[in-house]
Amino acid sequence: MKKTLLNAFLLVAVSIGVVQSASAQNAAVNQQTSAPRTVEGRVTNQAGDPLAGVIVSVKGGAGRSTTSSENGSFVLVVDDGARTLTFSMLGMETKEVAIGAARNFSVTLAEQAATIDDVVVTALGIKRSEKALAYNVQKVGADELNAVKSENFVTQLAGKVSGLEIKQVSGGVGTATRVTLRGARSIAKSNSVLYVIDGMPINNFAGSSLTDQFESEVGSEGIADVNPEDIESISALTGAAATALYGENAANGAILITTKKGAAGNARISYSNQTTFATPYIMPEFQNTYGNDMGAFESWGGKLRKKSSYNPRDFFNTGSTVQHSLSLSGGTERNYTYASVGATSAAGIIQNNNYERYNFNVRNTGKYFNDKLTLDVSFNYMQQWDRNLVAQGEYFNPLVPVYLFPRGEEFDYIRNFERFDDVSNIYVQNWDYGDKGMAMQNPYWIINRNLFEHKRKRYVINPSVSYQVLDWLTASVRLRLDNANARNTRKLYATTTGLLAGTNSKGNLTGNYRQTDLTENQLYLDGILQVDKTFGDYRLNAVAGASLQDWKSITDGLGGTLEHVANLFQQTNLFQPGTFGGAPSGKQIQSVFGSAEIGWKNAAYLTLTGRNDWSSTLAVANVKRKDYFYPSVGASGVISELVNLPKAISYLKVRGSLAWVGLGIPPQFWSAWTYNPANSQAFEPTKTRPPGELKPEQTRSWEGGVDIRLFDNSLRMEATYYHTNTFNQTINIPISAGSGYNNMWIQTGNVMNRGVELAANYRKQWGKFGWEPSLTASWNENKVLDLGSGTDPQTGEVITKKIIERNTVGSMMIRLTEGGTLGDFWSTTTLARDVNGNVNVDDKGQIFSTSELVKMGTSMPKWRFGFRNEFSWNGVNLGILFTARTGGLVLSRTQAMLDAYGVSKASAELRDAGGKQIGNGQISARTWYEIIGGKQGIYKYYLYSADNFRLQELRIGYSLPSKWFADKVKMNVAAVGSNLWMIYNKAPFDPELTASTSDSYQGVDYFMQPSTRTFGFSVKLDF
């Protein structure tokens, strides 16, 4: 596959090279026969970002002019006698550059002191003046995004956008992320953001939504397939007003990704490589001074004569990630192409955890009919493969036996994880300790003989066409076809524990095999009319359009225990194979939308938007209304354009908006039948009453903010306050069994989020030395105001919902109540006490637990911070990013197990101290930890503050002088690192890791993989 991709890329490169060579030859001929000649170059702002729409003209050149493309590039024919080029753009200082004998120019424009009109990408990919926005849009450029890379570029946004929370699933390299904006608000539905690529939304299929301790594997996600080097910029739409034009898709905010296009001029080739190495970082603290008693697995034996040399950290490898990207850009002013190939290969810190991804991308943009018609076509092909992305918990997790292994035993013995059995004539697992009620196995057997593989092939075709109907009217049509085929396999070798692999007809452990094939097809189509017309002091920007979104997926699978031949992983070798899937699922949304922005004197703006959705989930439903409408209204005013302000204030804008967005109805709510897994041929009626009239979940949001720039725009600050209420929460309640059902769905409740988002940026240059610090900060308060009530339609009984139990983890429950949050921890067990409140200790020195329900706190953070500094001097650049979080609790069930098994550092220290002091008496360390620790301990002792402060990213680079390469090559080399220093953390694991993307399983650690510290180098070449 690699060879095929490289051959295809080389074919495109050669074709473009031939075109460019021919163009160069023609130019040379023209130069010899006529006076005019061609010059080209690139225009950027002071931050190095490309400037589009810059007018490049010949001073006194009688109409010789052009405009810079989206990449800031330009090509212009000048007369032989021309002496000066003029560069002008609204909001930027006009600059004149002498032509001389030069043919290539690199020009930097400075912002004007009082007239600032930045353009940002908003909903539907439409570019709008930042002045006019009634909401906050935060942008992350390609350089900032790719300064320090990871396998999944989404993690690189951490600390760079206020209001954004990113947590990576702890399953190994290439796993999915949990991304939320402005907190969680939905009880039953997803709180994940919408991803939008070049204005069109995608369905981010992910495989890491765990809900308990018995999951087998996790997976990657669709957005991780994107090559980060193909990204031009990212914009975060945090508020409902910003996303209202996307309707239900973006109820939780949106991440807008703008990809690269070609640029006019000679062919440009870019190559980048980043190679990093990873080591385990935040891990529990273990003991190696006490061993185990004979025949016991727990390490509660006597003190060892010689300290054990066993260290669980030695089980981990040094991981590595190598990323290559090669791109080619070039063309004429009216036809330009961008092509790229990318390859990512990663190995995790656990042996046999691997991830590979290959990207191939071609995009061509052409202008026709006097530049009125623009045709933009791109094709992306992605292939991704991963192995052994291990879920937390007990099943198939090598860390359970690694962490709990008895300290008096010889760990080297089990490194030989299999031995040949003469009776069965196969290799069998080498593990003599049993499963300990946790499906425990030899850890090396797990990573080598319990294999989980995911392979996905995906292609995206994205054609769009726009036509300038009139000077003020543009029509466009866009299409995105996104199709993926995946095959997931599970191979469990013979003698894998029967709890996980099952037995054949003779009761033998012959192994287990499962194969799942998934096909997912996504289609997005829209047509848009855009109006941009001026009437005196007024300017109208309007959009009207319609869209069709269609998602379809089908899963087919077959699996079971191997019957005849051990370790022959074929479907024909299965004993009583079970089938699953087979029924397609999908959803379609048909929409019309529109917006109107009225501006007055480029200083005051009023914006109205509306969108109406018709969802397929309501098409066959018993509801009065089969559509839903989402409006928004916003206003902004540039005070600095209307009144005279002190000289120090370069720019001042106030803004405010009100919006309604929502989430649709999941298709499964309308299913009257369910599949019976006990019998592959049987279906049975559901025990949930088919719902009556349901409405989309709705979020009502308002926000206000201020943007200010001081001291000739060197200091920029933004502040936003928002308040949201989410209604029509879909909740399941029990009903009378006499109805023939056990439960039913109701829609009620009210969840509130309110918060503050702050951002500040300072930019200053002193000669060759530059400094640019940036700060992001966000505060969010989440509160369940009302869980509501519902009425049983058969009995008329009114059922008031006061409590929702989302998940139970040992003696800790994630429980929702009115006045609480969506992530509250409740303890269900405590130590038994006497009438005086003292802990009960019996005559044998034993203590006991008893039931008690107590709210302990929430897993949700209060504040998040990101502090980034960029220093530059004479070609040397230094980038430092610190991130921090305050507020919230996390639960370490891992620590509870380590304590109960006597392998934690704390258990040794308590033994050294002689035991635990309880009241006037003392109990042994073992008694104490076996009561409060273990699988059903008293987990209120294992809650920790989630506050943490770390050095998130570090990059030290040097741009080699181009004269070293005869001005033909630009080269930058850098040392990079991430998660290098945990400055403050009280939890025994990294609080920013998560076991799952599921909202009901946050803040819980149960043998999660540790976070990693990465370090390495990067090289970038531009030809």
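Trainee: What makes the radius of gyration of the protein agree with a compact globule?
Mentor: The radius is taken over C-alpha atoms, and the globule rule is 2.2 Å times the number of residues to the power 0.38. For 1023 residues a compact globule would have a value near 31 Å; the protein has 31 Å, so the two agree. The C-alpha atoms fill a box of roughly 105 × 70 × 65 Å along the principal axes. This is a predicted model: local features need pLDDT of at least 70, side-chain atom pairs count only at pLDDT 80 or more, and totals for chains, interfaces and linings use all residues. Residues are numbered from 1 along each chain as its sequence is written, and side-chain values use heavy atoms, without hydrogens and water.

Trainee: What makes α12 a helix, and where does it run?
Mentor: Helices are DSSP runs of H or I, at least four residues; strands are E, at least two; both are numbered from the N terminus. Helix α12 spans residues 925–932. The protein has 12 helices and 57 strands. Just after α12, Gly934 has a positive phi of about 85 degrees.

Trainee: Which elements do the buried residues of α12 pack against?
Mentor: β45, α10, α11, β50 and β51. Contact means heavy atoms within 4.5 Å.

Conventions:
Buried means under 20% relative accessible area, exposed over 50%, partly exposed in between (1.4 Å probe, protein chains only).
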